[in-house]
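Reader: I am new to this one. Please take me through a single part closely, and keep it brisk.

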Amino acid sequence: MKSWDAVIVGGGPAGSSAAWRLTRGGASVLVLDKECFPRLKLCAGWVTPEVVRDLGIDPSSYPHRFLTFQRMHAHIKGLHLPLKVVQHSIRRFEFDAWLLERSGATVVQHTVRNIQREGGAYVIDGEFRGRYLIGAGGTRCPVYRTLFRDANPRSTQLQTVTLEHEFAYDWRDPDCHLWFFDKGLPGYSWYVPKAEGWLNVGVGGMAERMKRSGADIKYHWANLTSMLSRNLAKGAHYEPAGYSYYLRGNVEVARLEDAFITGDAAGLATRDMCEGIGPAVRSGFAAADAILHGTNYSLRSVTGASLGGGLASRLLDWAFTRGAGGGAAAPAAATA
Ligand SMILES: Cc1cc2nc3c(=O)[nH]c(=O)nc-3n(C[C@H](O)[C@H](O)[C@H](O)COP(=O)(O)OP(=O)(O)OC[C@H]3O[C@@H](n4cnc5c(N)ncnc54)[C@H](O)[C@@H]3O)c2cc1C
């Protein structure tokens with residue numbers, strides 16, 4: 001059986017960030033992913049300047065579609081707030097494949113099912129052995145399920161549900177639009193243009209509250225697309241797909257012996273904007289640093305708030321999570 005210093009389950013932003021830092025630190029790294037990259041990843045593909053900086057991306061030499069918004073429009077119950085911003089959009093299938101290739105890790109397409117601890121290492125499905133194990137498999141990560149679920153049960157109050165579609169569209173408005181709380185949505189819907197004539201539109205909200213309200217995600221999707229058909233995306237045809245993930249709660253145990261949990265597997269998306277790429281990247285780096293330097297794995301550097309924790313950030317956090325445990329104001333420290 002072949003051995004690596006670290007085996008990473010999942011090649012999304014959390015896994016590729018951990019892999020990149022580990023290989024640069026001289027470790028041998030295997031990334032196992034059930035998909036063959038480039039793979040579809042449902043995501044609006046909004047990335048912040050912090051993510052671009054953390055990943056050391058030079059937009060002028062990034063080889064795929066990359067768009068910078070100079071303005072963002074927040075719409076809140078009929079109120080329109082145009083905001084001067086610098087934010088970016090990418091297409092996830094390109095972005096993730098590029099990051100994974102750049103990481104320099106060995107990548108094998110494999111669906112992880114079984115994880116055993118044997119002689120101070122982790123053995124995956126009887127085939128792959130790693131001294132360290134990083135769980136970066138998203139919401140349904142098998143490392144979370146096998147090792148971390150009991151210590152970190154997920155709170156249904158923090159679960160989001162989404163529907164989205166990304167498609168070729170000759171958009172006219174190059175700005176990003178967000179509609180908060182429209183027609184009772186406990187979340188927001190979005191219009192995110194991408195470079196070279198692509199567009200992502202979607203709707204996301206807190207699963208439990210949507211269920212209680214009786215208006216499901218399909219109802220909110222119909223509201224969004226009906227509104228878009230009048231102006232921003234006339235004549236568009238949709239084939240929406242959905243995915244669910246968790247906002248930041250208390251992560252009581254983020255490391256168990258030599259196993260780590262990162263990104264959506266740990267439920268780290270921000271509580272004010274449901275942003276998950278940045279927290280995935282930072283947690284991947286933090287796990288790699290703990291392995292390389294023998295330090296504690298801490299999630300302190302992983303933001304729980306996209307908007308900096310100020311008033312707007314706290315109001316959105318409250319509006320989405322109604323004060324569910326853990327959160328942006330008190331980012332969870334991981335146990336070693
Ligand atoms: C509709 C939608 C819109 C979003 N929009 C944004 C946005 O605009 N900006 C933003 O910052 N965040 C956004 N998010 C959140 C963001 O997409 C996630 O938080 C982010 O992708 C988390 O990265 P990750 O690496 O932890 O997990 P993922 O990107 O989900 O990667 C996990 C990987 O693990 C693999 N895997 C899963 N199970 C197994 C297994 N058993 N064996 C092997 N491999 C496995 C998967 O194939 C996948 O490649 C959005 C999410 C959704 C659903």
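Reader: In which sense do strand 1 and strand 2 pair, and over how many bridges?

Author: Strand 1 and strand 2 pair in the parallel sense, over 4 bridges. Two strands count as paired if DSSP finds at least two bridges between them. Helices (H or I, at least four residues) and strands (E, at least two) are DSSP runs, numbered from the N terminus.

A word on the basis. This is a predicted model, in which local features need pLDDT of at least 70 and side-chain atom pairs count only at pLDDT 80 or more, while totals for chains, interfaces and linings use all residues. Residues are numbered from 1 along each chain as its sequence is written, and side-chain values use heavy atoms, with hydrogens and water left out.

Now look at Ile8. Ile8 stands opposite Val31 in strand 2. Ile8 also has a bridge partner in strand 9, Ile134. Strand 1 (residues 2-9) and strand 9 (residues 128-135) run parallel, joined by 7 bridges.

Follow the chain out of strand 2. The loop between strand 2 and strand 3 holds Pro38. A cis peptide bond joins Phe37 and Pro38, with omega about 0 degrees. Asp125 sits in another loop, between strand 8 (121-124) and strand 9. Its phi is positive, near 50 degrees, and Asp125 is not a glycine. Most residues other than glycine have a negative phi, and most peptide bonds are trans.

Some atoms come close enough for polar contacts (pairs of N or O atoms within 3.5 Å). A polar side-chain atom of Asp264 lies 2.7 Å from a ligand oxygen. A backbone N or O atom of Ala44 lies 3.1 Å from a ligand nitrogen. For Gly45, a backbone N or O atom is 3.3 Å from a ligand oxygen. Taken alone, the ligand exposes 1,000 Å², and the protein buries 95% of that. Such areas come from the Shrake-Rupley method with a 1.4 Å probe; for residues, only the protein chains shown count as cover.

Arg92 has another partner. Asp96 forms a salt bridge with Arg92, and their closest N and O atoms are 2.9 Å apart. A salt bridge is a side-chain nitrogen of Lys or Arg within 4 Å of a carboxyl oxygen of Asp or Glu. Asp96 and Arg92 are separated by about one helical turn, because they are 4 residues apart in helix 3 (residues 92-102). The count comes to 17 salt bridges.

An open sheet of 8 strands runs in the order 3-5-4-11-12-13-10-14, with mixed pairing. Strand 3 (46-47) and strand 14 are its edge strands, each pairing on one side only. Strand 4 (residues 66-76) and strand 11 (residues 176-180) pair in the parallel sense over 5 bridges. His73 has His177 as its bridge partner in strand 11.

Note on methods. A polar contact is a pair of N or O atoms within 3.5 Å; within protein, one must be able to donate a hydrogen and the other to accept it, and residues adjacent in sequence count only if both atoms are side-chain atoms.
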